[in-house]
Amino acid sequence: QRDRQMTASRFRVVVVDDEATARAGIADLVAADPELAVAATCSSGAEAVKAIVELSPDLVLLDVQMPRMDGFEVVRAVGPERMPLVVFVTAYDQYATQAFDHAAIDYVLKPVQPERLAQTCARLQAALRQRAEQQERRGRERRGDQQRAAQMRAFGAEEIGRAIGHEFVERNRTLQAMAPFGVTPSPTLGPMIHPGIARVQR
């Protein structure tokens, strides 16, 4: 369900829980937070994968235990390159280690309290800043690689052009020097003996 207020200044959140009451409660807490906005609510893992791929949210509040596709399977289905920051939300604490193995920034036990969500928001801000810095660094490195490649291509083309030009000049000089002796140039075969000289030679 695509809903709620969405502003550019807020972090966009997808809420995923197969229990309607829990899903609505978490969405209400997110909507009440001035830093967050609900981008979508999902009742299954399949819905979550679709919403994440289509909306590219900043954060996913993801239930662990769901039928057919659990929260960890959602992360694997989306893939690490496209997966936004994740907070696993569950009524059980035995999944904490597995959650952080899946790169979660937080692990929240139900029922979620506003104070606990505020802590999550602080972690989210720090994680987003770190991700933005990493992306900027990778962008600078990529641009630097492209510039170096362009310079190498330009240098290579210049060197080839210089070599061809040098060969052309030397060839012309040689032909000019041989012209008095009856040698004429051929565009494809190079120096050719003047036909008159050829008859004399025969």
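Which element gives the largest share of the lining of the largest pocket? H5 does, with 4 residues. The legends below cover close-up views of a predicted model.

**View 1. The largest pocket and its lining.** The volume of the largest pocket is about 400 Å³. Its lining comprises 16 residues, and Pro80, Glu81, Arg82, Met83 and Arg131 lie closest to the centre. Helix H3 (71-78), strand S4 (85-90) and helix H5 (114-178) each give two or more residues to the lining. Sorted by class, the lining holds 7 nonpolar, 4 polar and 5 charged residues.

**View 2. The largest nonpolar core.** This core has 24 residues. Val14, Val16, Val60, Leu62, Val74, Met83 and Phe88 touch the most other members. At least two core residues come from each of strand S1 (11-16), strand S2 (36-42), helix H2 (45-55), strand S3 (59-63), H3 and S4.

**View 3. Contacts of Val60.** Residues up to four places away in sequence are left out here.

**View 4. Two cysteines, Cys42 and Cys121.** Cys42 has 3% relative accessibility, so Cys42 counts as buried. Cys121 has 5% relative accessibility and therefore counts as buried. The cut-off for buried is under 20% relative accessible area. A disulfide is a covalent bond joining the sulfur atoms of two cysteines. The search of the whole structure finds 0 disulfides.

How values were computed:
Residues numbered from 1 in each chain as written. Predicted model: local features only at pLDDT ≥ 70, side-chain atom pairs only at ≥ 80, totals over all residues. Heavy atoms only, no water. 1 Å grid on protein atoms, 1.4 Å probe; cavity = no way out; pocket = protein on both sides within 12 Å on 5 of 7 lines; lining within 4 Å. Points joined across faces, edges and corners; volume = space filled by probe spheres on them. Nonpolar A, V, L, I, M, F, W, Y, C, P; charged D, E, K, R; others polar. Disulfide = S-S within 2.5 Å. Buried < 20%, exposed > 50% of the residue type's maximum accessible area, 1.4 Å probe, protein only. Core = buried A, V, L, I, M, F, W, Y, C linked by side-chain atoms within 4.5 Å. Contact = heavy atoms within 4.5 Å.
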